[in-house]
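Please look through the sequence and the model shown here before reading the briefing that follows, which is arranged by topic.

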Amino acid sequence: MSQPSSQQQRLAALALEAGYREDEPLVVGVQLRDEPPTFHAQGLTPTSLVYAASLSKQVTAACVALLVRQGALEPDSVLSRWLPRLPAWAEGVRIRQLLHHTAALPADDELDGAMPGGGADRTSRGVIGALRRFPTLKGEPGHAFAYSNAGYVCLAEVVARAAGQALPSFAGERIFAPTAMRYTSFWPGPAPAPPGAVPLTPRHPAPLSLGDGGVWSTAADLLRWSRALNDDELGVSALMQTPGRLDDGTVIDYAWGMGVRSHGGHRVYRHGGGWRGLRAMQARIPLLGLSLVLLAVGDDTERRVELVNGLLDEVTRAA
């Protein structure tokens, strides 16, 4: 058996410093420019198939961006054009507001209360059905940032109608195949997980809604995805990395399916993902060609933030 490299040893040390025990399932991957990726894996492998949770949002946003680029979808088109069975408030919600979480849609707990079984039907159909039960919105679209899973479920439906094919097949043909993400897909069910995937807790299987989540992937594939965005392989990175604005012109720190941050003087694009017994995080610094990914199963903590920040500290100090 080969000995761990110095970089692998450092990843392991940072994981311990962040509070991850050696017996907890975790995989962390780092890649700089054209160098081979480095992984620290314990209980998982770089090719373990894991639920990506909200990391799915940037894939959904990339599908929207591809349709915008080909002229099949306008960011300022109204939601009611694509989902006409929603209440009248959909006439005032625009696609760009869904992308940037400024559409004033109901929060998860409100939606769960509108679903039969208190949110047990966490499918795209269940989410859209719950939205139909809201005659009005509490806020005014475009006036504030409020993170919304429902908005990205709506975007998945918009993609399907604008593309003329379901989101899983569109993403497979236009994103996963061109970027060589061999093991990645949107999973709509009916089984709670795709074949060969690392299962989550039986009491809390991953939701089957698409757009806000739905992607199952590996650490290796997610690093490949990050590099594709850094290198603009799909021709939509500039658009996706553009921060959103409120209707009054205020710039927000969320672009197309990714947060916009600063670390060590560098622009960082990052996003987390979480479900019961699952934590994920991805971060990129395109200027440095840096990609980071973390997947942890059986984790309900926020230790991932300390670990990713520690990795960013080291890379930016060395840059």
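**The second largest pocket**

The second largest pocket has a volume of about 160 Å³, where a volume is the space filled by probe spheres set on grid points that are joined across faces, edges and corners. On a 1 Å grid over the protein atoms alone, a pocket is an open set of points with protein on both sides within 12 Å along at least five of seven lines, a cavity is a set of points where a 1.4 Å probe fits but cannot get out, and lining residues have an atom within 4 Å of a point. This is a predicted model, in which local features need pLDDT of at least 70 and side-chain atom pairs count only at pLDDT 80 or more, while totals for chains, interfaces and linings use all residues. Residues are numbered from 1 along each chain as its sequence is written, and side-chain values use heavy atoms, with hydrogens and water left out.

- The lining of this pocket includes Thr123, Arg125, Glu157, Pro168 and Leu210, and helix H6 (124-131), helix H7 (149-163) and H8 are the elements that give two or more residues to it; helices (H or I, at least four residues) and strands (E, at least two) are DSSP runs, numbered from the N terminus.
- H7 gives the most to the lining of the second largest pocket, with three residues.
- By class, that lining has eight nonpolar, two polar and two charged residues, where Ala, Val, Leu, Ile, Met, Phe, Trp, Tyr, Cys and Pro count as nonpolar, Asp, Glu, Lys and Arg as charged, and the others, Gly among them, as polar.

**The cavity**

- A search of the whole structure finds one cavity of 30 Å³ or more, and about 40 Å³ of space lies in the largest cavity.
- Among the residues that line the largest cavity are Leu55, Val59, Met181 and Trp225, and H2 and helix H9 (219-230) each supply at least two residues of this lining.
- The lining of the largest cavity divides into six nonpolar, two polar and no charged residues.

- The axes of helix H2 (residues 56-69) and helix H8 (residues 167-176) come within 10 Å and cross at roughly 75°, the axes being lines fitted to C-alpha atoms, for helices over the stretch in contact, with angles that run from 0 to 180 degrees between N-to-C directions.
- H2 and H8 are therefore roughly perpendicular to each other, a description that covers angles of 65 to 115 degrees, whereas those under 35 count as roughly parallel, those over 145 as roughly antiparallel and the rest as oblique.

**Backbone details**

- Most residues other than glycine have a negative phi, and most peptide bonds are trans.
- Arg33, in the loop between strand E1 (26-32) and strand E2 (38-42), has a positive phi near 45°.
- The peptide bond from Gly189 to Pro190 is cis, with omega near 10°.
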